[in-house]
Amino acid sequence: MTTSNNGNKLPYPQRRAMIVSAAMRVAEARRLSGMSHDLVAEECSATTSTATVRRFFPRMVDLFDVVINDPRCTDETAEQARDMGMVK
């Protein structure tokens, strides 16, 4: 279960946004090739399990896609995506 720091369950939009933000930070710190569901869960600002991240983004390509299509995506991350055969 994903909860905020005060123990309340986060609504779907907030939970998804938190996971996307965490994925962005992991991509910047570890590159896309170093991203995993586990690392994204650990990076979330509220307690989040790997299973929760997987419910929102079942495949790694789903996480990659949300990161490279986010307006916060850096040029470096976009270049990594191109090098991995993805298009931004």
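Mentor: Let us start with R72, which is partly exposed because its relative accessible area is 45%, and the class covers what lies between buried, under 20%, and exposed, over 50%, with a 1.4 Å probe and protein chains only. This is a predicted model, in which local features need pLDDT of at least 70 and side-chain atom pairs count only at pLDDT 80 or more, while totals for chains, interfaces and linings use all residues. Residues are numbered from 1 along each chain as its sequence is written, and side-chain values use heavy atoms, with hydrogens and water left out.

Trainee: What makes the meeting of R72 and D70 a salt bridge?

Mentor: The N to O distance between their side chains is 2.9 Å, and a salt bridge asks for a side-chain nitrogen of Lys or Arg within 4 Å of a carboxyl oxygen of Asp or Glu, so the label applies. D70 has 11% relative accessibility and therefore counts as buried.

Trainee: How many salt bridges does a search of the whole structure find?

Mentor: The search finds four. Among them is the pair of R25 and E43, with 2.7 Å from N to O. This pair links distant parts of the chain, with R25 in helix 1 (residues 12-30) and E43 in helix 2 (residues 37-43), 18 residues apart; helices are DSSP runs of H or I with at least four residues, numbered from the N terminus. Another salt bridge joins D62 and R59, whose closest N and O atoms are 2.8 Å apart.

Trainee: Why is R59 called exposed, and why is R25 called partly exposed?

Mentor: R59 has a relative accessible area of 51%, so it is exposed, whereas R25, at 35%, counts as partly exposed. E43 is also partly exposed, because its relative accessible area is 34%.

Trainee: What makes helix 1 roughly perpendicular to helix 4?

Mentor: The axes of helix 1 and helix 4 (residues 60-68) come within 9 Å and cross at roughly 85 degrees. Angles of 65 to 115 degrees count as roughly perpendicular, so that word holds for helix 1 and helix 4. The contact, meaning heavy atoms within 4.5 Å, is made by R16, V20, A23, M24 and A27 of helix 1 and L63, V66 and V67 of helix 4.

Trainee: Why does Q80 count as buried?

Mentor: Q80 has 5% relative accessibility, so it counts as buried. Q80 lies in helix 5 (residues 75-83) and, leaving aside its neighbours within four places in sequence, is in contact with A27, R31 and L32.

Technical notes. Helix = DSSP H or I, 4+ residues; strand = E, 2+ residues; numbered from the N terminus. Axes fitted to C-alpha atoms, helices over the stretch in contact; angles between N-to-C directions. Parallel < 35°, antiparallel > 145°, perpendicular 65-115°, else oblique.
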